[in-house]
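Please look through the sequence and the structure before reading on. The numbered points below are meant to be read with the structure open beside them.

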Amino acid sequence: MANSHHRRLEVTVISGEDLRINDRPIKNNAFVTVKADSCGLPSSQDSTKPDAQSESHPCWDEKLHVDLPAGSRYILVEVCRRTSSAGDKLVATAWIPVSDFVGDYTPENYLHFLSYRLRDAKGLRNGIINISVRVVSSSYKGTLSSSSRLPPSVPEFRMPVDRERNGGTVTGMPVWYPNQWKS
Amino acid sequence: MGGCLGFFSDVKGGQQAVGGTRQGPMGGLEVGGGGGGGGNHGGPNDAVDHFFRARGQPALCSQIELSLSASKLRDRDVMSKSDPMAVVYLRKRDGMLEELGRTEVILNSLDPTWIGKISLAYHFETIQHLVFHIYDVDTKYHNVPVKMLKLSDQDFLGEASCVLSEIVTKQSRSLTLSLHNKNSQLGLRNLGTLTIHAEEPVASRTAVEITFFCSHLENKDMFSKSDPFLRISRVVESGGTLPICKTEVINNDLNPIWRPLCLSMQQFGSKEDPLVIECFDFKTSGNHALIGKLQKSMADLEKLHKERNGANFTLPASHHSHEKVLKSQLFVDQFCEKQLYSFLDYISSGFELNFMVAVDFTASNGNPRNPDSLHYIDPSGRYNSYQQAIMEVGEVIQFYDSDRRFPAWGFGGRTYGGTVSHCFNLNGSPDGYEVEGVEGIMAAYAGALHNVALAGPTLFGPVINRAAQTAGQSISYDNSKYHILLIITDGVLTDQQETMDALVRASDLPLSVLIVGVGTADFTQMEKLDADNGVRLESSTGRVATRDIVQFVPMREVHRGTISVVQALLEELPGQFLTYMRTRNITPRTQMPL
């Protein structure tokens with residue numbers, strides 16, 4: 001499977017667009033947490049500082065480091081708003097398939113600029129998050145290696161078949177047939 | 001600027017930053033209402049570009065200066081050596097020569113190095129044929145200004161011709177040609193050689209990225225706080241000011257911090273030139289209230305940044321008050337100087353464009369034997385739409401690809417195997433998908449028409465994925481190749497979602513996709529893929545396109561100006577190339593790899 005390595009990722013959270021709470025643009029103090037989906041096991045996570053300005057288009061430009069254990073299929077990006085009174089409130093989430101930056105045709109240490117649709121707790125669209133991801137190092141079965149130019153692996157077009165949301169809705173995703181282009 | 005054309009209530013557009021926007025990696029994010037798709041070339045020419053585009057003329061591009069020298073010229077004079085002068089022409093589509101300029105006359109030399117330079121604009125999207133004539137100027141004309149000389153009265157020494165792209169793609173940016181007679185008779189006598197050197201006379205590649213914030217701004221709004229934005233202008237010689245950029249509007253904030261502005265030296269002149277910075281309170285009526293202004297040069301702003309000091313705004317004197325120094329201050333949070341290389345800088349350092357073609361073999365084109373078919377090969381030699389598109393794009397790009405090996409595919413046809421393939425090698429070979437040169441593509445296309453049965457449906461997904469695979473894999477070998485996929489199709493897409501997914505996945509790769517629609521189908525759906533309205537493509541997995549990599553044009557669009565509609569597609573390419581390179585901080589190589 002694509003993710004048989006334990007990887008360390010450098011995720012730069014660049015900016016967000018069009019974020020809303022209760023249909024009004026989020027005022028300030030939004031911050032982002034990035035963590036790997038590790039199927040319930042404890043995992044590392046990292047967060048940005050809250051952006052005190054910029055209404056619905058916050059700009060963080062912050063580098064975060066996250067461990068991606070072998071077997072993880074997604075990294076989870078959560079946008080929250082820090083309020084002095086009510087603590088942290090979850091605004092929106094994006095699930096980023098690891099296959100979007102690992103195991104595609106690009107070299108292991110390629111800097112990927114990715115953007116994702118964010119969805120709120122009800123599963124409704126709530127803005128876009130712009131990040132960049134780079135695999136800093138990967139290790140296989142205990143051997144640690146800094147990522148160098150590994151030959152591209154066989155492409156896997158794995159798309160998530162289902163994702164469960166807090167609201168109980170399930171989204172069906174098309175399953176890809178690899179090697180579609182060979183005559 | 002684009003966003004202001006007659007839209008009274010384009011308040012959102014009016015609030016966007018203009019002129020100093022950063023080249024963000026995310027397509028629609030950083031470029032505001034006034035920037036437009038062509039804004040990647042850099043702020044200062046946006047308005048002028050728009051002016052020309054609106055009138056159907058190609059946008060302004062980089063200026064190039066040609067320097068000429070020759071050696072071993074023929075000796076025409078009896079008593080002394082020849083007195084040579086060079087004239088440079090542009091050969092136009094109809095074959096006529098348009099004079100671009102002349103050098104000065106150098107006395108008594110068969111190996112002249114002329115000082116006079118010839119300027120011309122470099123247009124990536126067209127082939128610029130240059131013709132050079134060398135003359136020996138007779139002694140009796142030596143005091144006549146060069147411009148007034150009648151060439152028919154002078155002695156012709158030799159002619160040479162080349163294409164401008166041949167010169168600029170060389171690392172030395174120089175090309176040496178043998179001179180020959182006017183009738184192209186490769187004469188018995190050696191007429192000497194001519195060397196042409198091309199240079200971009202850009203004063204400096206320096207740009208500054210600067211972040212401003214203010215404190216204690218005055219409140220100009222009655223029921224809420226001011227909505228401030230900054231406008232930066234340059235002081236011109238006549239004493240007036242010329243605006244060069246403005247920040248975005250921050251609502252309701254008396255201590256705003258704006259997004260970083262990126263200004264090139266072409267915009268602000270030099271670091272010592274005075275700049276006027278005005279802070280306005282945004283009003284939807286357009287009548288923005290001045291909060292304060294100050295005058296500083298770039299060097300002063302750098303000092304403010306280093307010393308972490310603020311500069312006070314002033315309110316200019318009016319008829320009922322003196323000039324007031326305000327409590328409001330301007331601070332420079334970040335100040336970063338960087339080098340902005342031009343497209344030609346990359347090209348001459350060895351960066352290349354890899355051209356790939358995909359041809360539509362669906363049944364809707366019509367039986368190729370039928371003269372009505374879009375695939376009909378006219379025995380008289382007249383190109384069909386497919387051949388025209390391949391030639392027009394290929395003949396420009398071929399100069400930027402050193403090995404001239406182009407991947408060529410067909411889709412929607414039934415090949416020898418009997419099954420319909422949506423990505424088969426155009427040359428009919430089972431494993432080699434590359435052909436040699438544009439003529440190789442044309443030959444493979446003609447051959448495929450005999451061997452492939454038109455079928456369907458029209459799917460772009462497989463071809464785009466294949467091109468993305470090529471682009472992604474090439475990064476492992478070297479990151480100096482940028483790929484261009486040309487898809488020529490007659491019909492409407494059947495796999496809209498898969499195509500969008502493939503494009504979103506490819507949007508982070510060094511790839512641009514040009515789609516040409518031939519025939520008379522309704523292509524409105526295709527225009528959705530070309531996200532010029534700012535809406536970023538979204539895939540079915542929630543991923544959004546990193547940048548806009550698609551350009552679409554229907555071939556039947558009316559001819560505008562002197563370039564064909566297909567070549568108009570190419571105009572955006574240098575901008576897309578630069579956006580990709582700059583966001584990844586990939587700079588031109590200083591040395592060619594061995």
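**Notes on a predicted model**

1. A search of the whole structure finds 25 salt bridges over all chains.

2. Which residue of chain A forms a salt bridge with R536(B)? The partner is E17(A), and the closest N and O atoms of the pair are 2.7 Å apart.

3. Within chain B, R173(B) and E200(B) form a salt bridge in which the closest N and O atoms are 3.9 Å apart. R173(B) sits in the loop between α4 (164-168) and β7, and E200(B) in the loop between β8 (193-199) and β9 (206-215), so the pair ties together parts of chain B that are 27 residues apart in sequence. R173(B) is buried, at a relative accessible area of 9%, and E200(B) is buried too, at 7%.

4. Elsewhere, K271(B), E302(B), K306(B) and E337(B) are linked in a network of salt bridges.

5. The structure holds 0 disulfides over all chains. A disulfide is a covalent bond between the sulfur atoms of two cysteines. The sulfur of C279(B) is 5.0 Å from the closest cysteine sulfur, which belongs to C214(B), and this is too far for a bond; C279(B) is buried, with a relative accessible area of 0%. For C245(B), the closest cysteine sulfur is that of C262(B), at 10.0 Å, again too far for a bond, and C245(B) counts as buried at 4% relative accessibility.

6. Chain B contains an open sheet of 4 strands in the order β4-β1-β8-β7, with antiparallel pairing. Its edge strands, each pairing on one side only, are β4 (118-121) and β7 (174-178), and the twist from one strand to the next averages 30 degrees. Strand β1 (residues 63-71) pairs with β4(B) over 4 bridges in the antiparallel sense, and E65(B) stands opposite S119(B) in β4(B).

7. In soluble globular proteins, nonpolar side chains tend to be buried together. The largest nonpolar core here has 117 residues, and L66(B), L194(B), F343(B), F361(B), L485(B) and V516(B) touch the most other members. Helix α9 (residues 437-451) of chain B gives this core its largest share, 7 residues. Leaving aside neighbours within four places in sequence, L66(B) is in contact with residues including V88(B), I118(B), L120(B), F132(B) and I196(B). Another core, of 35 residues, lies apart from it, with F229(B), I244(B), W258(B) and I291(B) among them.

Technical notes: Residues are numbered from 1 along each chain as its sequence is written. Chains are lettered from A and ligands numbered from 1 in the order in which they are written. This is a predicted model: local features need pLDDT of at least 70, side-chain atom pairs count only at pLDDT 80 or more; totals for chains, interfaces and linings use all residues. Side-chain values use heavy atoms; hydrogens and water are left out. Two strands pair if DSSP finds at least two bridges between them. Helices (H or I, at least four residues) and strands (E, at least two) are DSSP runs, numbered from the N terminus. Axes are lines fitted to C-alpha atoms, for helices over the stretch in contact, and angles run from 0 to 180 degrees between N-to-C directions. A nonpolar core is a set of buried Ala, Val, Leu, Ile, Met, Phe, Trp, Tyr and Cys residues joined through side-chain atoms within 4.5 Å. Buried means under 20% relative accessible area, exposed over 50%, partly exposed in between (1.4 Å probe, protein chains only). Contact means heavy atoms within 4.5 Å. A salt bridge is a side-chain nitrogen of Lys or Arg within 4 Å of a carboxyl oxygen of Asp or Glu. A disulfide is a pair of cysteine sulfur atoms within 2.5 Å.
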